Amino acid sequence: MSRKIAVIGGGFAGLSAACELANAGCAVTLFEKNETTGGRARSFAQAGFTFDMGPSWYWMPEVFQEFFERYNRQTSDFYDLIRLDPSYKVIFEDGEEINVPANLEELKSLLEQWESGAGKQLDAFLAEAKVKYDIGMGEFVWKPSLSITEFFQLKVLTQGIKLQLLGNMKSHLRRFFSHPKILKLLEFPVLFLGAKPSDTPALYSLMNYADIQLGTWYPMGGMTKIPEAMTELAVALGVTIRCGAEVKKINVQNKRAQSIHVNNEVLEFDAIIAAGDYHHIETKLLDESHRKYSSNYWDNRTMAPSSLIYYLGINKKIAGLLHHNLFFDRDFEVHASEIYDEPKWPSAPLFYACVPSKTDLEVAPEGSENIFILIPVAPGMESTEELREHYLKDCIERLERKTGESIAPHIVYKRSYAHEDFQRDYFSFKGNAYGLANTLRQTAFLKPRMKNNKVDNLYYAGQLTVPGPGVPPSIISGLVAANLCLKELNVRKMAITTLSNDKRSRA
Ligand SMILES: Cc1cc2nc3c(=O)[nH]c(=O)nc-3n(C[C@H](O)[C@H](O)[C@H](O)COP(=O)(O)OP(=O)(O)OC[C@H]3O[C@@H](n4cnc5c(N)ncnc54)[C@H](O)[C@@H]3O)c2cc1C
């Protein structure tokens, strides 16, 4: 008889877990509190514009391709993917701006203009980063990280040394480069990981490899095409998807999750994959005696930043911007300190402006621009309308100065989004946007565990557990949790290898 499994949450982690479980023959029901799946990657349409609400950088394209290949599909069955070139624009404090080319040789020439020998150094830096990428993405992210002993095999330990877990990104980069603009450019991908370069293990130069060698891509129609594709796949694999279905309680008896409360029903399952916010599941759905972590534990976690976001519809085209634009035109150290060291609303923040209408005519009316602005801010803050307006005015003025275009009078649609919205929409702990910061003390088995040892058949997935935040890691998280569950239910032996691992071992 097929096992009945509930998946809580329809973000990337919940969707990937549901696909994997259904493909193994389980009867899977996915419960999502919102009206659509996608979680942080939902979209909304207003005034002729379609806005991606969260992620906008499509990195590590092979993770998506391999996900669909597990079920004999391709990304191209669902969406058209294009590589952006230039990858993105960076605007520096002195007003200089550069378009980062997709081509490595062109990038090396650009760096050479700032620092003699930097091109060769980039080759050396990327060679190390590739090793880390291959080991990290091929081996480490596929471990459920339930115990340190998973990392005790000789091969893994030897590889672990190459990962440079103990050094940090700040000093690692300075082994290769000294020009401040090169350092800023190469420190940028680390900002995705939610910690300062000085607190981020040097392991994460693998993100530079992803950025420079694997490229920045865009699915036509928007990032929302990814969860739409995963939802379509899940349904095709037999998953029942119930939106508008908030799970209110997990009932536990004799160390087993027996049933869940959802929309005034009590439904029984053999196992549960909890792919919503970990803290919310623990503190709101489980009785205290069944929780894995105390409130003290959560209070001591270092969260990745939250974000203050604006979705803007502009009724004219704006020259001088690319699809991705990083406004590094203020002091990074000051902004970072106001996020991590002394959390407060930033005095002079850096920001990111995404203009998908530069690539995709479908996301804005003809002759218009769709702009998404994101300011990273400390988690756990509150905002007023006045405060949100203050930061919007600052960003618009900087955009106007940089592009020489008048923008403010052309805003025909405007919506802001911050901590309170993350909490309301996703039950996000402290209103976080990207989960936990990837510091060394919160890496692998030091992250909130995938398994609750007080409840045998309850598994966690998503950006607050392993391997961590970001779209590719969340997809992987769902796959790993699903395989752990399948193994423990004796449905099948755990498969921790990726397709690329198989390919690698055959090579
Ligand atoms: C603004 C922003 C920008 C980002 N940019 C990028 C980027 O460019 N590239 C990148 O790779 N990553 C990016 N990320 C990170 C990435 O989007 C996330 O790490 C990823 O989407 C997390 O997926 P998830 O499935 O773990 O969680 P979520 O997306 O939060 O999904 C969890 C789902 O569970 C549901 N849920 C929670 N509790 C319950 C309940 N009790 N009952 C029913 N449903 C419940 C929630 O409604 C939600 O839909 C960004 C994130 C944000 C917020």
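**Notes on the predicted model**

1. β1 and β2 run parallel and are joined by five bridges. Of the five residues in β1 (residues 4-8), four are buried, so the strand is largely enclosed by the rest of the structure.

2. Ile5 turns up again when you look at Ile273. Setting aside residues up to four places away in sequence, Ile273 touches Ile5, Val7, Ala17, Tyr459, Ala461, Ala481, Ala482 and Cys485.

3. On the domains themselves, the protein is divided into domain 1, made of the segments 4-41, 223-301 and 436-506, and domain 2, covering 103-214. Their centres, taken over C-alpha atoms, are separated by 29 Å. The contact takes 25 residues from domain 1 and 19 residues from domain 2.

4. For the side of domain 1 that touches domain 2, α15 and α16 (499-506) each supply at least two residues. The largest share, four residues, comes from α15. By residue class, this side of domain 1 divides into 13 nonpolar, eight polar and four charged residues.

5. Next, the ligand. There are 38 residues around the ligand, and those that come nearest are Gly9, Gly11, Gly39, Gly276 and Gly462. Two or more residues of the shell come from each of α1 (12-23), β2 (27-32), β14 (306-314) and α15. Which element gives the most to the shell around the ligand? That is α1, with three residues. The shell divides into 17 nonpolar, 16 polar and five charged residues.

6. Strand β6 (residues 88-92) and strand β7 (residues 97-100) pair in the antiparallel sense over four bridges. Within this pair, Lys89 stands opposite Asn99 in β7. The hairpin has four residues between the strands, and Gly95 takes a positive phi near 95 degrees there.

7. Finally, Asp85, which lies in the loop between β5 (81-83) and β6. Is Asp85 buried or partly exposed? Asp85 counts as partly exposed because it has 14 C-beta neighbours inside 10 Å, where a buried residue would need 20 or more. Leaving aside neighbours within four places in sequence, Asp85 is in contact with Pro101 and Ala102. Asp85 and Glu265 are 180 residues apart along the chain, and their C-alpha atoms are separated by 51 Å.

Terms used: Residues numbered from 1 in each chain as written. Predicted model: local features only at pLDDT ≥ 70, side-chain atom pairs only at ≥ 80, totals over all residues. Contact = placed C-beta atoms within 7 Å. Near = placed C-beta within 6 Å. Nonpolar A, V, L, I, M, F, W, Y, C, P; charged D, E, K, R; others polar. Domains from an automatic or database assignment. Pairing = 2+ DSSP bridges. Buried ≥ 20, exposed ≤ 12 C-beta atoms within 10 Å, placed from the backbone.
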